[in-house]
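Please find below a colleague's note on the structure under review.

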Amino acid sequence: MNPAICIALLLTVFQVAWGQKVTSLTACLVNQSLRLDCRHENTTTLPILYEFSVTRETKKHVIEGTLGVPEHSYRTRTNLTSKYDIKVLYLNGFTNKDEGTYTCELRLSGQPLSISNKNISVFRDKLVKCEGISLLVQNTSWLLLLLLSLPLLQAMDFISL
């Protein structure tokens, strides 16, 4: 077999296998809305299909996505923001009835075997407010800037370590 074809096949397999791996799924409360942050790798040019769902009492309910059909009761309550490596779902009017195991599932378009997902158990009384974690988790650029500026601050005797 031609070496160029072998390399092309291997690159395609690697792209499919690692193009959309879910790296984390976190949950927090914004006022009365549940926010689910589904972070993922994005090393592919293929479209990434997604699905947010909740499982309660062994029954799966699709909330939002391009893989399954969202249930009617969730359609007016959800808002999705999608960026390069994160999909953020807001579920408005979150109550104890919405508690369960939430799943973020990703799949590459045209690649049915390329599934990656993460689960998180969500209980209203155990959720943290998003403001408490968003500074560290959502916007790490200020933390990076602080770490990079430590030597400068130390050189100017503002801090001593």
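Predicted model: local features only at pLDDT ≥ 70, side-chain atom pairs only at ≥ 80, totals over all residues.

1. An open sheet is formed by 4 strands in the order E4-E3-E7-E8, and their pairing is antiparallel. Strand E4 (59-65) and strand E8 (115-122) are the edge strands, each pairing on one side only. From one strand to the next, the twist averages 25°.

2. The pairing of E3 with E4. Strand E3 comprises residues 48-56 and pairs with E4 in the antiparallel sense, over 6 bridges. Within this part of the sheet, arginine 56 stands opposite lysine 59 in E4.

3. The nonpolar core. The largest nonpolar core has 22 residues. Those that touch the most other members are Leu34, Leu36, Phe52, Ile63, Phe94 and Tyr102. At least two residues of this core come from each of strand E1 (22-30), strand E2 (33-40), E3, strand E6 (86-91) and strand E7 (100-108).

4. Phenylalanine 52. Phenylalanine 52 has a relative accessible area of 0%, and because buried means under 20%, phenylalanine 52 is buried. Leaving aside residues up to four places away in sequence, phenylalanine 52 touches, among others, Leu25, Leu36, Ile63, Leu80 and Leu89. Disulfides in overview. The structure holds 2 disulfides. When the bonded cysteines of the protein are numbered in sequence order, the pairing reads 1-4, 2-3.

5. The disulfide of cysteine 28 and cysteine 130. These two cysteines are joined with an S to S distance of 1.9 Å. The link connects distant parts of the chain, with cysteine 28 in strand E1 and cysteine 130 in helix H3 (residues 130-138), 102 residues apart. The torsion about the S-S bond of cysteine 28 and cysteine 130 is about 95°, and the disulfide is therefore right-handed. Cysteine 28 and cysteine 130 are both buried.

6. The disulfide of cysteine 38 and cysteine 104. The sulfur atoms of cysteine 38 and cysteine 104 lie 1.9 Å apart and form a disulfide. Because cysteine 38 lies in strand E2 and cysteine 104 in strand E7, the pair ties together parts that are 66 residues apart in sequence. The angle about the S-S bond is -80°, and the link of cysteine 38 and cysteine 104 is left-handed. Cysteine 38 is buried, its relative accessible area being 0%, and cysteine 104 likewise counts as buried at 0% relative accessibility.

7. The aromatic pair. The count of aromatic pairs comes to 1. Tyrosine 50 and phenylalanine 52 form this pair, with 6.4 Å centre to centre and 65° between the planes. Planes over 60 degrees apart count as edge-to-face, so the pair of tyrosine 50 and phenylalanine 52 is edge-to-face. Tyrosine 50 is buried, with a relative accessible area of 10%.

8. Asparagine 42. Is this loop residue buried or exposed? Asparagine 42 lies in the loop between E2 and E3. At 15% relative accessibility, asparagine 42 counts as buried, since the cut-off for buried is under 20%. Asparagine 42 and lysine 21 are 21 residues apart in sequence, and their C-alpha atoms are 7.7 Å apart in space.

Methods. Residues numbered from 1 in each chain as written. Heavy atoms only, no water. Pairing = 2+ DSSP bridges. Axes fitted to C-alpha atoms, helices over the stretch in contact; angles between N-to-C directions. Core = buried A, V, L, I, M, F, W, Y, C linked by side-chain atoms within 4.5 Å. Buried < 20%, exposed > 50% of the residue type's maximum accessible area, 1.4 Å probe, protein only. Contact = heavy atoms within 4.5 Å. Disulfide = S-S within 2.5 Å. Phe/Tyr/Trp six-rings, centres within 6.5 Å; stacked < 30°, edge-to-face > 60°.
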